[in-house]
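I opened the model to go through its chains, a helix pair and some strand pairings. My entries follow the display.

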Amino acid sequence: MEPLDVELDETEVELPTEPMLVNVGPSHPAMHGTVRCVMELSGETIHRVDVQVGYLHRGFEKMCERGTWSQVFPYVDRCNYVSPMLNNVGFSLACEKMLGIEVPERCQWYRMALGELARISDHLTCDGAMAMELGAFTPFLWMVKARDMIWDVMEEETGARLTHSFGRVGGMAMPPTDQFKEHTLAVVEQVLKIVDESEKLVLTNRIFLDRLEGVGKISAADAISLGWTGPCLRAAGVPYDVRRAHPYLKYSEVEFDVPVGTSSDCLDRFLIRFAEIKQSAHIVRQCIARLPDSGPVDVDDPRVVMPPKSEVYTTIEATIQHFKLVMEGLKIPAGEVYSYTEGGNGELGFYLVSDGSGTPFRVRIRPPCFLITGGLEKVVTGQMVADVVPCFGSLNMIGGECDR
Amino acid sequence: MPTFKLDDQVIDYQPGDTIIQAAHRAGVDIPHYCWHPGLSVAANCRMCLVEIAPPPGRPAMLLDVLRYDEKKGDYVKARKPKLQPACQQPVAEGMDVKSQTSEHVKEARAAVQEFLLLNHPVDCPICDQSGECRLQDYWLEHSGKKKRMHDEIVHKPKTVDFGPTIVYDAERCIVCTRCVRFCEEVVKDPVLDKRERGNLGEIVLAPGRLLDHDYTLMTEYVCPVGALTAKDFRFKARVWFLRSVRSVCQGCATGCNSFTDYDPRNQTAYRHRPRENMQVNKYWMCDSGMLDYRRIHEDRVLAARIGGSTTTTEAALVAAAKALSSAESGKTALLLSALHSNEDNYALLELGRQLGIESVFLAGKPAGKGDDILRSTDKNPNRAGVLLLLGDKAPGNIAALAAAIDGGKVTTVLGVGSDIEDPAFASSLAKAKLIALVTHEGPVSQAAHVVLPASSWAEAEGTFVNDKGMSQVSEKAITPQGGSEPAWRWAISLAERLGKALPFKKAKEVKAASLVQGASSGAQA
């Protein structure tokens, strides 16, 4: 068969072109969620692009500031809704940092295991969606099949597949179920098998590789100055991972590698997520091995943790505790904190200000996606229009996080 | 001023002060149930126990106790300092008192809290005190321990009818005796007493009596828990939904400082609570004052009327302006109200001045029962304020106005206020063209030719001068109900229709313009 890229003599028909403005989005199949790109094209080359993220506006930071601290959990669920458990844990840790409390060991391992499962589901979604947007529908279904297995575990543990609202200040809503360990280990094995198959499906496809390789490059210095973190930054060769650089929970006690990219293109960003899935699976197995089968999950502090319902109905002490925590909310000492964890797409930071009352005075969320999406302009400028799709997909913008 | 140390903080005291009094004055809270600044010391709740360091060079007074050692599984001998109730212990110069900083005090308070809740029923969900209950606050602050006694609690009488206003629940009662001491010391009517001891203790009525003096609702107010509840407030609202404004009671000329608690969601007032002001009402209010909030919603006039039938605001204003402008010169009179604020009366006076109205009359509610505790016989909250506004010019009373109308000297009356001293004068008022700005149904609204609905004191900020000549501001709680507006705003609208302009437009401006000379400012707690 003849090669496709025959040298065509195009010099003879030079078409005069003028810059053309094209609106992509806010509602467009190439855009994840509601984001709008105003592109200035010269032929098929992008000269300039203006990325506008303000189309999804729920005002969620303000919403967080009108209830109690515990009522924030459902809101942070809806930041990165593909890995809500990581948001839940991140917010819990921020509140606990202000309170100066540390959850029991069992809870720490449990949070890590659930968090890494959430990270796997996040990366599977990103890589699957990216392949799908480039026309490869089978890998998407393949990876979502694995994601559904993880969500089965989540459903069994939390009662919800997507927005769990499972974190609590000072613990978790429930202790691990009896089947958690067995179920998780089985699922992790299945997921890794599916990831291997998915790799074979896409990485031997020349069209797929051609659309990613060398596309959407960014230098490490640019990525850092844009505030990039997470897989996108690591794909640019910077080995910054909050779990390694500033360990929280029990991350200093587990073994894992921080994969980094070499060429900082879309393919690197695609591959690094596969590599991280394997690392997360490794962490999950270590967590399962070290998760105690019994012992407290919540801290022993009546000012923070809800009493068991059976006691609420029968003893006045627990009724009072329940009343105070529900009606007034748990009180966090006046002050401010910046607490950060490794979310699905990078550093997920919470800057909280408390005035000592039961209601947050300020909840500022530093979502990794917001800053990464800010770099889209840099990534796609000079590329072809068709390259917007893989570039945008590889950045993994989550609309909920970009809510400003 | 002499000083002592409380938790290493230096605090001033006056000779004779107890520790809790001095701390209270300095704004430091020592937890307590039975102590009340306005009542005698009972020292029975033991919540305010503090540790007092021995004088220099003297050994501490230590008690031999048995302490349970969990490792040994047995009691071991130990010693601990003798703690003192802060409410009873007078302060001495340089005394070193430990409250929050002493482990012994913390332990004692947790134990007291455990004892108080030992037989407490699981009533928070159905208790009106919930949300402002000391048991709830202190459990979280000072105990936080789960229940250890799993036997059936001691049951005592519930929903005991104490009288026309109060219901008693002995199971919720911690027998602090605040209510007993209030009746005895403030009202001088020892109708309540305590019987039995320990966990059988309860509050009882004197044989053959009901709790029916004029300050019964104060017993509910001083109750730190939900043992005494007011029939008026029972199951009406949950306190955490209520917001408060600082108001002035409208029940009589004493001008007790109060809080008006209202629900912002349905714009409804639910109760009055006393607000501490040592120069006026100290810590107390009377029953009629506490229940006076009901008039905010009861019998209100909420729409304009002409000749007794409801009409639009516009039509009423046109009719009022026509009546005022067509009145024979010199035959128009102003009727001010001792129930309305300085702002309302001043606006009307100013309108009258611009219209050249000479004769001014003042009416209000008839005199009633008074006492030497709080209540004044004058049931009007602002008579002194209106008199100060008028200065040298003495207003005529309602009888004089009736006589002037009957004698044909007055044909048109522009009035504010819904009450007159005697409803019998209403027939005379009806003979004149009466344009009335009224809040409530009554003789005036019946007799009026044109009625404009004025909002009550709870719907606008207003200044009231009490019988001691103290000028006090009552804040706005809810938005004006129905078609009502503050009377001063009606005065502005009327002036516009008559081609006049009053020198104020906003609440702030009318407040500044109506400031009276000669009234002292009431301290706001």
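These are my notes, starting with conventions.

**Conventions.** I worked on a predicted model, where local features need pLDDT of at least 70, side-chain atom pairs count only at pLDDT 80 or more, and totals for chains, interfaces and linings use all residues. Residues are numbered from 1 along each chain as its sequence is written, while chains are lettered from A and ligands numbered from 1 in the order in which they are written.

**Chain A overall.** I found 16 helices and eight strands in chain A. Both are DSSP runs numbered from the N terminus (helices H or I, at least four residues; strands E, at least two). The C-alpha trace spans about 90 × 40 × 30 Å along its principal axes. I checked the radius of gyration, taken over C-alpha atoms, against the globule rule of 2.2 Å times the number of residues to the power 0.38. For 404 residues a compact globule would come out near 22 Å, and the 23 Å of chain A agrees.

**Helix pair in chain A.** I looked at α4(A), residues 105-133, and α5(A), residues 137-158: they pack at about 160° with axes 8 Å apart. Axes are lines fitted to C-alpha atoms over the stretch in contact, and angles run from 0 to 180 degrees between N-to-C directions. The angle makes α4(A) roughly antiparallel to α5(A); the cut-off for that label is over 145 degrees. The contact includes A:Leu117, A:Ile120 and A:Leu124 of α4(A), and A:Phe140, A:Val144 and A:Trp151 of α5(A). Contact means C-beta atoms, placed from the backbone, within 7 Å. I sorted the contact residues into 17 nonpolar, three polar and three charged. Ala, Val, Leu, Ile, Met, Phe, Trp, Tyr, Cys and Pro count as nonpolar, Asp, Glu, Lys and Arg as charged, and the others, Gly among them, as polar.

**Sheet in chain B.** What is the strand order of the open sheet? I read β8-β9-β12 in chain B, with antiparallel pairing. Strands pair if DSSP finds at least two bridges between them. β8 (160-161) and β12 (228-230) of chain B are the edges, each with a single partner strand, so one side of each lacks a neighbour in the sheet. Three bridges join β9(B), residues 166-168, to β12(B). B:Ile166 has B:Ala230 as its bridge partner.

**Hairpin in chain B.** Four bridges join β1(B), residues 3-6, to β2(B), residues 9-12, in antiparallel fashion. B:Lys5 is bridged to B:Val10. Two residues lie between the strands, and B:Asp7 takes a positive phi near 50°.

Technical notes
Angles under 35 degrees count as roughly parallel, over 145 as roughly antiparallel, 65 to 115 as roughly perpendicular and the rest as oblique. Two residues are in contact if their C-beta atoms, placed from the backbone, lie within 7 Å.
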